[in-house]
Structures are given as structure tokens and as C-alpha cells.
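Here's a quick briefing to read with the structure open beside you. Have a look at the model first, then work through the points.

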Amino acid sequence: MAADTVTSTDRLRRARFAVAAVFCVHGAVTGSFATRIPWIQEHADVSAGQLGLALAFPALGASLAMPLAGAIGHRFGARTALRGLLVLWTLALTLPSLAPNIWGLCGALFVFGATAGMSDVAMNALGVETENRLGKSIMSSLHGMWSAGALIGSAAGTVAAHLGADARIHHLIAALVLTALGLLFCQGVLDVHSTPDEEAPPRFSLPPKSALVIGAIGFCAVFAEGASLDWSAVYLRDELGSSAGLAAASTTAFALTMTVARLVGDRVVDRFGAVRTVRVGGAVATLGGVMVVLAPHAAVAMAGFGLIGLGVAVVVPLAFAAAGRSGPNPSQAIAGVATITYTSGLIAPSAIGGIADATSLVVSFGLVTLLTLGLVVGAGVLRSAGRKAAAAPAAPSTKTSGPVGG
């Protein structure tokens, strides 16, 4: 039997708020790290090219480690697994700033990514379990809380950088605070255990076919997201001659648009369904991409980037939710989708840069526009998972959710 049978509406609401807070903590670690990358680069004495190489290691570590999350959740239960994996992730924040050279930085970022990926799978699986029991969409707002946490972490990191604080001290303090908060919030999440006769998921395995199909939708959305976040400022500066301040504002506006859209996205999903939401979102993002490509001046491009963020904001949360309902092993499917989306986030910035070097950034964002159009065409893959969810009873599951991540 499940270790914790949640039937009370109040207890489910507390579980929802707890897992949302966990998403926020997870995002705050990412935001705290990102703002101190220049300090870390200088401390480790690495060139821009070496830094680019090192920044590929988090995605590599995450991709290799994420399949382990299901086995950990199966053995220890969802709450204990999440607690342990989240602590590893928050404490891993201290590692990159300690790296003395390129090799140490690559190793630190590999561990950083591995712990990020496993805790990410764990919290998403618990998010799906909580959503199933509540009987309404919550995954969009959970990812919105992750984005809010990233903004909070980056704001604190910006203040620390402005004050000239040593990143080792900054990250140690942040890690301790976030670890304490993570442990506190994990107490309120659902505690789900495997049944005695349930077969343990494999430690390493290829993503199931269902995850590959759903992951393709996530790939398109994350590619557009990563390209816009990393290249929108450069696009406005190089293609439209904008000032540095206006160019930077476009990136901030994009991030805020995504955060707000995710926080309110659940109401849209509950009213219109996952397929229609993704299809309309893809159309909005495609319109935004066309505006970026054809923009005669900065205001039109900024509006276009805003529409891209608005259109793709809820796609990844819905892909995770669909993966969690697509087969008998939710955590394995979620890990598969997470691996695909992490890969997309890894290759998007370099792919955009490579195409821009060979042609132009306008052509690069033409590709982004085609990928957002793919959301319109492929949104139907979420339909079968949604039907399974609707047909399933809201009673507590006896299957492990695996570790939960965002």
C-alpha cells in the first residue's frame, strides 16, 4: 500500500504548496549559480572557449544521472528520495566556485548537473502525483514557481556581485539557507511508496517510446526558450542596433513573460485542455517568431520575443505531466522527457550561434519559428495521456512517483 493515503482536501492543498515551494528552492539554486559565472570564470582562470566547454558538463551529468532517479524513488519512497536528492542539489551549489582550474570546473559542473537532474525528475514526478490526486492542472504553476525561484536566486546573486562578495562565501550561505528551506518544505509533500510486488525500474535504460514522442514537443519548446533567453539581447544589438540596456531588457522581459504565463497557465489548461493550450501557444509563439524575423525596429522584436515566451511557457510542464501518465513507470517516462529537454537546452544556444556564423541571426530565428510551428502540428501527442488521466480515479496511487524535480 501507499505509505501515506491522502484523502483530505486540506492535506492535498498543503502537499501542493509544499511541492511548489520545492520547485522554488530548486530554481533558486540555478539563479544563484548563473549570476556568479563571471566570478567563477575569473577564479578558475578559464577562457571563454573553456567556459563554454565546462558549461556543457551540467547537461551531460544530468542526462546520465536522471535515469537513476526512478530507482532511488522506488527503493526509498518519493518523499525520502526527494529530500535526499534536493539536499545534494542545494549543497552542490558550493562546488563550482571552489574549482581551481578548467578540469576542476568541469568535474564540479558534472556533479552539479547530475544532482540537478535527479532532483528535477523527483520533484516533477511528485508534482504529477499531486496533480492526479487533486484532479486539476498544477504543473504549469509549479514550473512558474521554479522560474520565480530562479529570479529570486539571480536577484540575490546580482546584489552579491554588485557588492563584490566572494562567490565561495555567497554560495556557501545560499546553499545552507536553501538546504534548510528544502528540508522544511519536503516534510509536506506526498509520501508515496512502491507496492511490495512492484518491479524496480532499471537503473539505466533508454527512454520509452512514449517519452520520445512527448519529448519531441518539449524539445521544440525548450529550443525556442533557450535560443530566446541566450540570443534575444544579441539579436537586438547586432541586427537592430539597439543599446546595451535595451537589449538586456528584452531578455528580462522574456523571462518575466514566461514566469507569469506559467503561474496562471493552469487555469487555461483546466478550461481548454492540454492539446488546445499547446496548439494555441504554438501559434502565438510562431507569430512571435515571425515578428522577430521581420522586425523593422527593436519594439517589434521585443514584442515578438515576449510572444515566444508566452507561447512556449506551459509546454514543458504539460510534457512532464503527459509523460507521468503515459505508461506504467512514470519516473522512467519523466526522466526520458527531461533528458530530451535538457539536451535541447544544451544544443540550442550553440546551434543558433553556428547558424548565425554561417548565415545570420535572422535565419537562426527562422529555424526557431519553424520549431514553434511544430508545437501546433504535434500538440495532439498529449491527447492520449490526457484521456488516461481523465479516466483514472483520483484515489491515491500505490505506485511510486519517484523523485520529484522541476
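Predicted model: local features only at pLDDT ≥ 70, side-chain atom pairs only at ≥ 80, totals over all residues.

**How α10 and α16 pack**
- Helix α10 spans residues 209–240 and helix α16 spans residues 361–378; their axes sit 9 Å apart, at an angle of about 155°.
- Because angles over 145 degrees count as roughly antiparallel, α10 is roughly antiparallel to α16.
- As for handedness, α10 and α16 make a left-handed crossing.
- On the α10 side, the contact includes I217, F223, W231, Y235 and E239, among others.
- On the α16 side, residues making the contact include L361, F365, L371, T372 and G378.
- Sort the residues of the α10–α16 contact by type and you get 16 nonpolar, 4 polar and 1 charged.

**V222, also in α10**
- V222 belongs to helix α10.
- Its relative accessibility is 13%, so V222 counts as buried, the cut-off being under 20%.
- Beyond its neighbours within four places in sequence, V222 touches V316, T341, S344 and G345.
- Take S344 from that set: it is 122 residues away from V222 along the chain, yet the two C-alpha atoms are 6.1 Å apart.

**S119 in α7**
- S119 lies in helix α7, which covers residues 102–134.
- With a relative accessible area of 0%, S119 is buried.
- A polar atom of the S119 side chain is 2.8 Å from the backbone oxygen of T115.

Methods
Residues numbered from 1 in each chain as written. Heavy atoms only, no water. Helix = DSSP H or I, 4+ residues; strand = E, 2+ residues; numbered from the N terminus. Buried < 20%, exposed > 50% of the residue type's maximum accessible area, 1.4 Å probe, protein only. Polar contact = N/O pair within 3.5 Å; in protein donor to acceptor, adjacent residues only side chain to side chain. Axes fitted to C-alpha atoms, helices over the stretch in contact; angles between N-to-C directions. Parallel < 35°, antiparallel > 145°, perpendicular 65-115°, else oblique. Left-handed = near helix turned anticlockwise from the far one by under 90°. Contact = heavy atoms within 4.5 Å. Nonpolar A, V, L, I, M, F, W, Y, C, P; charged D, E, K, R; others polar.
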